[in-house]
Amino acid sequence: VSELAKDGRPLVLVADDDDDIRALIVFRLERAGYEVLPAADGETALQLATERRPDLAVLDVMMPKLDGYEVTQRLRAQEETSRMPVILLTARAQEADVARGLEAGADDYIKKPFSPQELGARVQAILGRR
Amino acid sequence: MTSPEGRRIALASTISSLLIASALGATIWSFEQAGQQRARAEAAVRDTQRAQRAATLLGRERETMAEYLLVRSRASLRELSSLQRAFDQALSKLSVDSSQEDQLVKESAVANARLLEQFRMTTNGRTGAVAVERLDASEVPVASAVAALGAVSEAAARKSDRAAGNARTRALVAAILAGLIALGAGLVFARYALRLVRRVTHQNEELQQLDQLKDGFVASVSHELRTPLTSIRGYLELVLDGEAGEVSVEQEQFLRIVERNADRLLRLVGDLLFVAQLDAGRLELELSQSDLAEIIEGSLQGIRPFAEANKIELVADPNGSLPISGDAGRLAQLVDNLLSNAVKFTPPGGRVRVATREQDGSVYFEVADSGIGIAPEDRDRLFERFFRASSATERAIQGTGLGLSIAKAIVDAHYGELSFESVEGKGTTFRVRLPSAAPTASLVAQEAAA
């Protein structure tokens, strides 16, 4: 049970160590009507995800402290976050990386550079499904 | 010629011949030893060649190394050959010595025969006594002649003995020498082999480390270049979408230029990473069932605005679906590259035509333009990386010289064929054949092993 809905808006965790990209995603998702929890590294992302239990997590793969794969794996391993949808952002577009992300338990992945609009659409697709 | 001396001489000659024969035997034995050594060395070269084939699978650097190893073991084989040549020379010297020995024995026999011609020997059948008569009226007394004969035949016998002894010694020396040479060659080769094995192991480790470094480098360059581009394109999109307020016509026009150039930069990063992957020997295909017709349609849509802006007619004959097992992303890159070249090298008012067909388990497509064509002197180098045709540089047509080399690499990775035809001033046609079914992994492995 997520604590999101004080005002009924879904809560989305956005973790990326690049300030500009993080701000870009936050802007786009807030415009689309989501409440956004920003994080600048994997450890913070995991902590926020565990404490606030967002409806969805957008995780960059290459982050300091914990990378996106590891955060995903740990989220899957914890009872309370095991079913949280995860979208991975990857600058690498190799099949092996994609496979690794899906293996770690990600629901979707988006290759960088991505279109903010497309990211919004993917988030909506996953949250709409539930 | 039935005198005891004659018999002794004959006997001595026989014995020395036998000994010479045994020396020859030893020589032949030594040859065999050397031959076996050579066979072993050749087997080692074959092993190295097998190692080279295995190395081919590990990538180009390792192939270069195996070649180096092959050269090294050939050098060691050459060394062995020269060792054998030296040995052959030693043996031929020995046989010359033996024939000198032979000559001595022969000479003494001839001398004896000449001396004997001057006498007549008679044997008394009853007493067994031997009488010697000199045939001519010489002053030489019979007794001294007999004594001389005895001395000569004793000398001959001594010579024979010596010759026999020498031959025996020589045969022994030859055998020992052959053994030593064989042993020495064996040791030299064993040391070589051991050193080679050590070096291969060491270099393999180094190459693996380099490989990892390169992988890390490619990954971090990919990240470092794509991250700022993600921001540039992302924020541009926000502004152009009007998320940050209304955009004037002129502002939009300028921002579209920024966008176009960001896209160009992104493509360049992609091309450079592609080349880095090729260099690392890791062009990984994401194989899936795709429709080449759909891929071509996508590329046509992408290039259409540019073609229209340059007043170039784009003609495509839709031919139904073209199912193919391949890497859809790479195939799109291939079609993009061929189409954008065709449009870039066709002057306004020209035409670019795309045709496709399916036949005998292959799909074919061609991109024909009515452009400036390719100069004959540029044709051989067209698929070289960073090569730019003289027509491109003269007309300041943008490009890195990577497009066609990448197109070729993609076609090769799909086991297809890429060819072209060009008439200067009339146009160029690029033709691609791709197998409908991509080769399976086992087939690829087989081909690599062959």
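**A buried glutamate and its partners**

Mentor: Let us begin with B:E243, which counts as buried because its relative accessibility is 15%, and please keep in mind throughout that this is a predicted model.

Trainee: Okay, which residues does B:E243 form a salt bridge with?

Mentor: B:E243 forms a salt bridge with A:R28, where the closest N and O atoms are 2.8 Å apart, and it also forms one with A:R31, where the closest N and O atoms are 2.9 Å apart. B:E243 lies in the loop between α3 (142-240) and α4 of chain B, while A:R31 lies in helix α1 of chain A, so this pair joins two chains.

Trainee: And A:R31, what does that one count as?

Mentor: A:R31 counts as partly exposed, because its relative accessibility is 47%.

Trainee: How many salt bridges does the rule find across the interface of chain A and chain B?

Mentor: The rule finds 2 salt bridges across that interface, and the count of residue pairs in polar contact between the two chains, with both residues at pLDDT 80 or more, is 6. On the side of chain A that touches chain B, the elements giving two or more residues are α1 (19-31) and α5 (116-129), and α1(A) gives the most, with 7 residues.

Trainee: How much area do chain A and chain B bury between them?

Mentor: They bury about 2,000 Å² between them, with 52% of that on carbon and sulfur atoms, and the contact takes 21 residues from chain A and 21 residues from chain B.

Trainee: Switching topic, which salt bridges sit within chain B?

Mentor: Among them is the one between B:D263 and B:R233, with the closest N and O atoms 2.6 Å apart. This pair links distant parts of the chain, since B:D263 is in helix α4 of chain B and B:R233 is in helix α3 of chain B, 30 residues apart. B:D263 counts as partly exposed at 24% relative accessibility, and B:R233 also counts as partly exposed, at 24%. Another is the salt bridge between B:R433 and B:E417, where the closest N and O atoms are 3.3 Å apart. Here B:R433 lies in strand β9 and B:E417 in strand β8 (residues 417-423) of chain B, so the pair ties together parts that are 16 residues apart in sequence.

Trainee: Which residues do salt bridges that share partners join into one network?

Mentor: That network consists of A:D16, A:D60 and A:K112. Over all chains, a search of the whole structure finds 18 salt bridges.

Trainee: Now the greasy part, where is the largest nonpolar core?

Mentor: The largest nonpolar core has 38 residues, and those with the most contacts inside it are B:L292, B:L334, B:L338 and B:F365. Several elements of chain B each supply at least two of its residues, including α4 (249-279), α5 (292-309) and β7 (362-369), and the largest share, 7 residues, comes from α6(B).

Trainee: What does B:L334 touch?

Mentor: Not counting residues up to four places away in sequence, B:L334 touches B:F365, B:A407, B:I410, B:V411 and B:V432. A second, separate core of 21 residues includes A:L13, A:L66, A:V71 and A:L88.

Trainee: Then what pattern does chain A follow along the sequence?

Mentor: Chain A follows β-α-β-α-β-α-β-α-β-α, with 5 helices and 5 strands. Of its 130 residues, 50% count as buried.

Methods: Residues are numbered from 1 along each chain as its sequence is written. Chains are lettered from A and ligands numbered from 1 in the order in which they are written. This is a predicted model: local features need pLDDT of at least 70, side-chain atom pairs count only at pLDDT 80 or more; totals for chains, interfaces and linings use all residues. Side-chain values use heavy atoms; hydrogens and water are left out. A nonpolar core is a set of buried Ala, Val, Leu, Ile, Met, Phe, Trp, Tyr and Cys residues joined through side-chain atoms within 4.5 Å. Buried means under 20% relative accessible area, exposed over 50%, partly exposed in between (1.4 Å probe, protein chains only). Helices (H or I, at least four residues) and strands (E, at least two) are DSSP runs, numbered from the N terminus. Contact means heavy atoms within 4.5 Å. Buried area is the accessible area (1.4 Å probe) that two parts lose on being put together, summed over both. A salt bridge is a side-chain nitrogen of Lys or Arg within 4 Å of a carboxyl oxygen of Asp or Glu. A polar contact is a pair of N or O atoms within 3.5 Å; within protein, one must be able to donate a hydrogen and the other to accept it, and residues adjacent in sequence count only if both atoms are side-chain atoms.
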